[in-house]
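Please look at the sequence and the model first.

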Amino acid sequence: MAGAALLELSKEKTSQKATETNVNQFLKSLNNVESKLSEQINYLTQVSTGQPHEGSGYASAKVLQMAWHRIQHVKSRIKELEECKLRYIQANRMQSNRVGQNASSTTAGVLM
């Protein structure tokens, strides 16, 4: 269509009506292509943002993947808290032992 319009314009004697017809057909085709591209872009936008639509499991897969990430994060955080708790318990035991040793050495010094 665009080629036909250019071909008509390249002739020595051009027909204005034929040129306009070819240009109008080309513009209609161009509008049709633009419309189809807009439809595809809208479709892809829906799919990529996780909005549900017919025939796709993408949103569900994305939700599942995010849930797995959250579970892994929670497990990691629980492990960190457990390690922190163990260090706290050990520090308290060591402090209790020191206090007990200091009290027994003080008592032993008084008894001597």
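The model is predicted. A search of the whole structure finds 2 salt bridges. One joins Glu80 and Arg77, and another joins Lys85 and Glu82.

**Salt bridge between Glu80 and Arg77**
- The side chains of Glu80 and Arg77 meet at 3.1 Å, N to O.
- Both residues belong to helix α3, which spans residues 58-111.
- Glu80 and Arg77 lie 3 residues apart in that helix, so about one helical turn separates them.
- Glu80 has a relative accessible area of 40% and is partly exposed.
- Arg77 is also partly exposed, at 41% relative accessibility.

**Salt bridge between Lys85 and Glu82**
- A distance of 3.9 Å, N to O, is found between the side chains of Lys85 and Glu82, which counts as a salt bridge because the cut-off is within 4 Å.
- Lys85 and Glu82 are 3 residues apart in helix α3, and about one helical turn lies between them.
- Lys85 is partly exposed, with 44% relative accessibility.
- Glu82 is partly exposed too, with a relative accessible area of 40%.

**Spacing along a helix**
- An α-helix has 3.6 residues a turn, so residues three or four places apart point the same way.

**Helix α2**
- Helix α2 runs over residues 16-48 and has 33 residues.
- From its first C-alpha to its last, helix α2 reaches 47 Å, close to the 48 Å expected at 1.5 Å a residue.
- Thr19, Asn22 and Val47 are buried in α2.

Methods
Residues numbered from 1 in each chain as written. Predicted model: local features only at pLDDT ≥ 70, side-chain atom pairs only at ≥ 80, totals over all residues. Heavy atoms only, no water. Helix = DSSP H or I, 4+ residues; strand = E, 2+ residues; numbered from the N terminus. Buried < 20%, exposed > 50% of the residue type's maximum accessible area, 1.4 Å probe, protein only. Expected span 1.5 Å × (residues − 1).
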